Amino acid sequence: MKAVVGRIFRRSDSEENKREIEEELRFHLELLTLEHLQPDVSLAEAKGAALKRFGNIELIKDQCLEISRKSHPLMPAVKFFLIVVFLVGVLVRVNGTDCDVIHIGDLLIAVPILCRLLLYVRGLNPSRFFSEHKTSTPLMLNETAQPSFTIYDHRKLTPVERLISEK
Amino acid sequence: MVNARTDLMQGTLELLILKTLSRDSMHGYGIAQRIHQAADDLLKIEDGSLYPALYRMEARGLITSDWGASENNRRAKFYKLTRAGRKQLDAECVNWERVSQAITRILQTA
C-alpha cells in the first residue's frame, strides 16, 4: 500500500520521472564505460564498447518512459471510471424521453470517448513514427562524473587492483 | 558458423531478473553483472534490455524500487522482490522445469 501511494506521487511529475530514468541509465552506462576502460583502451573506445553492450539507449529510454506512463497506479481506476460514465450515458440516451436528458446522455457518451482518445494519443511513443528520436534529448554520459567514483566489480576490487590482477 | 552465444527465449529475462533479485536488492548494473557472471557469457543480453523488463515488472507489482547509495556512494535505483514477485519466481521456476523436461524428452525421443 505504501509503495503504491509512493508511486502515485512519484509518477505524478513526468519530468521528474524522465530525469530519474535518464539518471538510472547514465549510472549504468558510466559503470560499463569504466568496466571497459583499460590502460590500452581510450575513453572514446570504452564508451563505444559500453554503448554497444548497452543497446539503443534512446529507444530504451522511450520504452521505460512509456511503460512508466502507462503503468500509473491510478490508470486502471481512471479507465474503469470512463467506462462507467460511458455506460451511464448509453442508458440515459436509450431511456431518456426529454430532449435535455438525451443531450446529457450524449455528453456522458462523448466525454469518456474523448478522454480515452486523449489518453491513447498521450501514450503514443514518438519513436513509432520517427526512426531517429528527434523528440527526446540524446542521453549522454556525464563526463565530469567519471573520475569521481570507483568501479562496481563483483570481485570487489578497486580499479587499480583490477588492472594489476589482469596484467 | 553457429553463434556460440544463445539468444534469450521470450519471457526468460524476467525469470532471470526475479532469480537474481531473490538474494538481495540490486541496481540495474548489478543485476546485469550478476546475470552475465552466472551465465558465463553464454547468453546474449544487451544490458539496456533489462530496464523495460524492470519497469514492466514493477508495474505488475513483482518488484519495487528505491533510490539509495551504491557501493561507490553514487545515487542509484535499487530493485527488490515483492511477495508477489517471490510467488511468481516459484511459479516460473516450476514452469521452466516442466518446459525444459518436455523439450529434453522430445529431443531424446523424436
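This is a predicted model: local features need pLDDT of at least 70, side-chain atom pairs count only at pLDDT 80 or more; totals for chains, interfaces and linings use all residues.
The mean pLDDT of chain A is 73, and 63% of its residues reach 70 or more. Two stretches of chain A have pLDDT values under 50. In residues 125-137 of chain A the pLDDT stays under 50, and the model gives this stretch eleven contacts beyond four places in sequence. The pLDDT is also below 50 over residues 143-160 of chain A, a stretch with 22 contacts beyond near neighbours in sequence.

Chain A contains seven helices and zero strands, and its pattern along the sequence is accordingly written α-α-α-α-α-α-α. Of its 167 residues, 14% count as buried. Among the contacts of chain A with a separation of 6 or more, 60% are accounted for by residues 24 or more positions apart.

A:Ala50 is located in helix H3 (residues 43-54) of chain A. A:Ala50 counts as buried because it has 22 C-beta neighbours inside 10 Å, where the cut-off for a buried residue is 20 or more. Apart from neighbours within four places in sequence, A:Ala50 is in contact with A:Leu29, A:Leu32, A:Thr33 and A:His36. The C-alpha atoms of A:Ala50 and A:Leu31 lie 8.6 Å apart, although 19 residues separate the two in sequence.

Of the 110 residues of chain B, 29% count as buried. For contacts in chain B between residues at least 6 apart in sequence, 53% join residues at least 24 apart.

The helices of chain B are described next. Helix H1 (residues 12-21) of chain B packs with H3(B) at an angle of about 75°, and the two axes are 10 Å apart. This angle makes H1(B) roughly perpendicular to H3(B). In this contact, B:Leu13, B:Glu14 and B:Ile17 of H1(B) meet B:Leu50, B:Ala53, B:Leu54 and B:Met57 of H3(B). By class, the residues of the contact of H1(B) with H3(B) comprise six nonpolar, no polar and one charged.

The twelve residues of H2(B) should span 16 Å at 1.5 Å a residue, and the end C-alpha atoms are 16 Å apart, which agrees. The buried residues of H2(B) are B:Gly28, B:Tyr29, B:Gly30, B:Ile31, B:Ala32 and B:Gln33. These buried residues pack against H1, strand E2 (26-27) and H3 of chain B, together with helix H2 (14-36) of chain A. Just after H2(B), B:Asp40 takes a positive phi of about 55°.

Helix H4 (residues 83-109) of chain B has 27 residues and reaches 39 Å from its first C-alpha to its last, close to the expected 39 Å. Of the 27 residues of H4(B), two are buried, so this helix lies largely in the open.

Another positive phi occurs at B:Asn73, a residue other than glycine, where the value is near 65°. Most residues other than glycine have a negative phi. B:Asn73 is placed in the loop between strand E4 (63-69) and E5 of chain B. With 10 C-beta neighbours inside 10 Å, B:Asn73 counts as exposed.

The contact between the chains takes 22 residues from chain A and 21 residues from chain B. On the side of chain B that touches chain A, helix H2 (28-39), helix H3 (50-59) and strand E5 (75-81) each supply at least two residues. That side of chain B has six nonpolar, nine polar and six charged residues.

One helix pair brings the two chains together. Helix H4 (residues 57-70) of chain A packs with H3(B) at an angle of about 5°, with the axes 9 Å apart. H4(A) is therefore roughly parallel to H3(B). From H4(A), the contact involves A:Ile60, A:Gln63, A:Cys64, A:Ile67 and A:Ser68, and from H3(B) it involves B:Tyr51, B:Pro52, B:Tyr55, B:Arg56 and B:Ala59. The residues of the contact of H4(A) with H3(B) divide into seven nonpolar, two polar and one charged.

Definitions and conventions:
Residues are numbered from 1 along each chain as its sequence is written. Chains are lettered from A and ligands numbered from 1 in the order in which they are written. pLDDT is the predictor's confidence in each residue, from 0 to 100. Two residues are in contact if their C-beta atoms, placed from the backbone, lie within 7 Å. Helices (H or I, at least four residues) and strands (E, at least two) are DSSP runs, numbered from the N terminus. Ala, Val, Leu, Ile, Met, Phe, Trp, Tyr, Cys and Pro count as nonpolar, Asp, Glu, Lys and Arg as charged, and the others, Gly among them, as polar. A residue is buried if 20 or more other C-beta atoms lie within 10 Å of its own, exposed if 12 or fewer, and partly exposed in between; C-beta atoms are placed from the backbone. Axes are lines fitted to C-alpha atoms, for helices over the stretch in contact, and angles run from 0 to 180 degrees between N-to-C directions. Angles under 35 degrees count as roughly parallel, over 145 as roughly antiparallel, 65 to 115 as roughly perpendicular and the rest as oblique. The expected span of a helix is 1.5 Å times one less than its number of residues.
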